[in-house]
Amino acid sequence: MFSYKMFICLLAAACLLGIPRATAASCEPIRIPMCKAMPWNMTKMPNHLHHSTQANAVLAIEQFEGLLGTQCSPDLLFFLCAMYAPICTIDFQHDPIKPCKSVCERAKCGCEPVMKRYNHTWPESLACEDLPVYDRGVCISPEAIVKADGPDNPYYQDPSKCSPESSPDFPMDSHSVNCKSPMERCKCKPVKLAMRTYVKNNYNYVIRARVKEIRSRNHDLSAVVEVKDVLKSSLVNIPRETVTLHYNSGCLCPSLSVNEEYIIMGYESEEHSRLLLIEGSIAQKWRDRIGRKVKRWDQMVREQSKGSSSRGTVRKRGH
């Protein structure tokens, strides 16, 4: 018969062998009502706010119900649940994953003006500065978890906005977070398509392409395009199929629209085999006459380059 003394002996042996108790690092089902709609259903206590049980976390997160009701940011509930009921996986049981810094900043951007209207500020316990950056550590964001795109997805983020168009019309004071769209904040410089510009900027690639998708992953923007024609390439082989163009910042500069066809001029990263859209790049709606112009310009540049090379060879021989 299994006795209490035998149980004590087995428990002592387990401790000596270093076998952790089953509950020491186990995941548990989410029981916080506000967070049951999250893309994950298992959590781990204590959470990032040091609540030892979900019962304690429920009492703390409920203080944000009024703020959630204002719909000040579509990121707020995701961010709060990632803090109060952090996702728990087999690989991260001991250290639950934190939300990305950018998720916190978007939630704060949309909701802090509402809080200030009622003489409240963003809580220090939810400081964005303490959270990991997407490309420098492990963190979660709506974009990384939810695959569905478009307005019907409750976690969808329009890359041109840091807060939804439907957010309340509350006044912004001089101390509020700047919630201007990236296009306003970045102030994209228009680049005129002309031969002088083409020669001066010395583009690595020129393609005719139709935009299939604009992707935003924590302000890491890229455009997925279907290449129709390659007018010029230098370092990277560009197949006539779907390729990705990488922006080097959170700015949609030059701007592209889905399902539109463009002539795109940019640069290449030979080291990473990437096509880049950086400062000075051009994207204009495709017109056959523009394509013909660019081909003539490129031919002229090639001929001038050959001529310069030939004259240099003659001078060397004469010397």
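The model is predicted, so local features need pLDDT of at least 70 and side-chain atom pairs count only at pLDDT 80 or more, while totals for chains, interfaces and linings use all residues. Residues are numbered from 1 along each chain as its sequence is written, and side-chain values use heavy atoms, with hydrogens and water left out. Helices (H or I, at least four residues) and strands (E, at least two) are DSSP runs numbered from the N terminus.

**Burial of H4**

- Of the 9 residues of H4, 8 are buried, so this helix is largely enclosed by the rest of the structure; buried means under 20% relative accessible area, with a 1.4 Å probe and protein chains only.
- The buried residues of H4 are Leu76, Phe78, Phe79, Leu80, Cys81, Ala82, Met83 and Tyr84.

**H4 against H2**

- The axes of H2 (residues 54-61) and H4 (residues 76-84) come within 11 Å and cross at roughly 150°, where axes are lines fitted to C-alpha atoms, for helices over the stretch in contact, and angles run from 0 to 180 degrees between N-to-C directions.
- H2 and H4 are therefore roughly antiparallel to each other, a term for angles over 145 degrees, whereas angles under 35 count as roughly parallel, 65 to 115 as roughly perpendicular and the rest as oblique.
- Ala57, Ala60 and Ile61 of H2 make the contact with Leu80, Cys81 and Tyr84 of H4, contact meaning heavy atoms within 4.5 Å.
- By class, the contact of H2 with H4 has 6 nonpolar, no polar and no charged residues, with Ala, Val, Leu, Ile, Met, Phe, Trp, Tyr, Cys and Pro counted as nonpolar, Asp, Glu, Lys and Arg as charged, and the others, Gly among them, as polar.

**H4 against H5**

- The axes of H4 and H5 (residues 101-117) come within 9 Å and cross at roughly 130°, and the two helices are therefore oblique to each other.
- On the H4 side the contact is made by Leu76, Phe78 and Phe79, and on the H5 side by Val103, Cys104, Ala107 and Cys111.
- The contact of H4 with H5 has 7 nonpolar, no polar and no charged residues.

**Asn204**

- Asn204 lies in the loop between helix H8 (195-201) and strand E5 (205-217), and at 17% relative accessibility Asn204 counts as buried.
- A polar atom of the Asn204 side chain lies 3.0 Å from the backbone nitrogen of Glu268.
- Leaving aside neighbours within four places in sequence, Asn204 is in contact with Lys232, Ser233, Ser234, Gly266, Tyr267 and Glu268.

Conventions: Buried means under 20% relative accessible area, exposed over 50%, partly exposed in between (1.4 Å probe, protein chains only). A polar contact is a pair of N or O atoms within 3.5 Å; within protein, one must be able to donate a hydrogen and the other to accept it, and residues adjacent in sequence count only if both atoms are side-chain atoms.
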